[in-house]
Amino acid sequence: MSQSTPSPKTGFQGCPVLGVGLGLRSPLLEETLAGTDKIDWVEIAPENYMGKGGAAVRNLKRAFEVYPIIPHGVTMSLGSTDPWDHEFLTELKKFFQWIDPPWFSDHLCYGGINGIYFNDLMPLVRTPEAVDHIVKRIRFIQETFERPYLIENVSYYLEQPENTMTEHDFLAEILEKSDCGLLLDVNNIYVNAQNYNRDPYVYLNRIPLERVVQIHVAGHNHFPEGIVDTHGDAVCDGVWELLDWVLRRCNPCGVMIERDQNFPPFAELEQELLKVRQIWENANPNLAVCSREELLCR
């Protein structure tokens with residue numbers, strides 16, 4: 001596949017290296033703000049803050065004084081056939097004017113159709129027609145926001161009979177045709193591989209790792225029917241092995257731990273953050289992290 005030259009406004013190649021991150025979560029707020037020796041940046045769901053006030057915004061302002069803030073959306077519904085929610089996009093753009101993130105991201109999925117919001121990340125039918133539809137939607141977002149945009153691979157729990165493309169070829173073609181960056185979730189790759197008896201390294205070998213800007217590392221939970229991406233448990237050995245493999249083959253700008261429920265003592269998360277840093281530095285011993293102050297001066 002050919003690689004097009006990115007626009008200077010939307011290209012992801014110039015993103016700063018931020019280091020090791022953690023999702024900003026209310027139950028972990030005070031420990032997170034005090035954890036600057038382990039944490040370099042934090043990720044947020046912008047929907048939790050945009051157009052709001054009160055304690056949520058006060059806490060975000062506290063975090064903004066300490067860390068770079070990276071927004072990771074959950075409601076853009078990139079793959080939907082519904083018209084764009086322009087009110088939402090306008091509010092999101094205003095929010096970005098405040099926090100000025102070096103990049104932002106959302107999921108390669110859809111979250112609603114015919115005006116009905118599902119409150120879930122629904123997998124897309126993998127066809128060439130879907131590729132063309134999503135590429136047009138990504139280009140619209142890139143042109144609207146004029147800053148690097150990443151899409152994240154998702155976990156899913158149903159193979160749709162209409163699929164004509166593999167998961168990795170579907171993702172790779174979208175990335176190349178849209179000239180988009182990738183938020184690579186190694187736990188989602190592991191979950192899908194386990195549930196569908198696939199080799200995760202085949203997946204990784206077939207996608208353009210040079211487009212990886214950010215990486216998510218998370219835990220999952222086991223159920224009789226399979227494993228589910230819950231962000232509610234410790235990272236398992238198989239996911240750590242995938243992270244090590246990936247970091248020896250690409251140079252992302254940030255790697256973070258996702259923990260959204262069943263929060264452990266913060267010391268346990270600190271150990272996972274330390275492990276991320278050790279794996280990353282072993283793979284790239286010359287890693288140079290951009291500080292918040294340097295980021296503000298860019």
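In the predicted model, the second largest cavity is lined by Pro-46, Glu-47, Pro-71, His-72, Gly-73, Met-76, Phe-88, Leu-92, Phe-96, Phe-104, Ser-105 and Asp-106. Two elements, α3 and β4 (104-107), each give two or more residues to this lining. By class, the lining of the second largest cavity comprises 7 nonpolar, 3 polar and 2 charged residues. The space inside this second largest cavity amounts to about 40 Å³.

Helix α3 also takes part in a helix packing. Helix α3 (residues 86-99) packs with helix α4 (residues 128-145) at an angle of about 45°, and the two axes lie 11 Å apart. Angles under 35 degrees count as roughly parallel and those from 65 to 115 as roughly perpendicular; α3 and α4 are therefore oblique to each other. The crossing of α3 past α4 is right-handed. On the side of α3, the contact is made by His-86, Leu-89, Leu-92, Lys-93 and Phe-96, while α4 contributes Phe-140, Ile-141, Thr-144 and Phe-145. The residues of this contact divide into 6 nonpolar, 2 polar and 1 charged.

In total, the structure holds 2 cavities of 30 Å³ or more. The lining of the largest cavity consists of 9 nonpolar, 3 polar and 3 charged residues.

The largest pocket contains about 920 Å³ of space. Of the 37 residues that line this pocket, Val-74, His-107, Leu-121, His-231 and Asp-260 lie nearest its centre. Two or more residues of the lining come from each of β2 (41-44), α2 (54-64) and β6 (116-122), and the largest share, 5 residues, is that of β6. The lining of the largest pocket has 18 nonpolar, 11 polar and 8 charged residues.

The second largest pocket has a volume of about 420 Å³. Its lining is made up of 21 residues, with Asp-100, Pro-101, Pro-102, Leu-295 and Arg-298 nearest its centre. Helix α10 (residues 292-296) provides the largest share of this lining, 3 residues. The residues that line the second largest pocket divide into 13 nonpolar, 2 polar and 6 charged.

Definitions and conventions
Residues numbered from 1 in each chain as written. Predicted model: local features only at pLDDT ≥ 70, side-chain atom pairs only at ≥ 80, totals over all residues. Heavy atoms only, no water. Axes fitted to C-alpha atoms, helices over the stretch in contact; angles between N-to-C directions. Helix = DSSP H or I, 4+ residues; strand = E, 2+ residues; numbered from the N terminus. Parallel < 35°, antiparallel > 145°, perpendicular 65-115°, else oblique. Left-handed = near helix turned anticlockwise from the far one by under 90°. Contact = heavy atoms within 4.5 Å. Nonpolar A, V, L, I, M, F, W, Y, C, P; charged D, E, K, R; others polar. 1 Å grid on protein atoms, 1.4 Å probe; cavity = no way out; pocket = protein on both sides within 12 Å on 5 of 7 lines; lining within 4 Å. Points joined across faces, edges and corners; volume = space filled by probe spheres on them.
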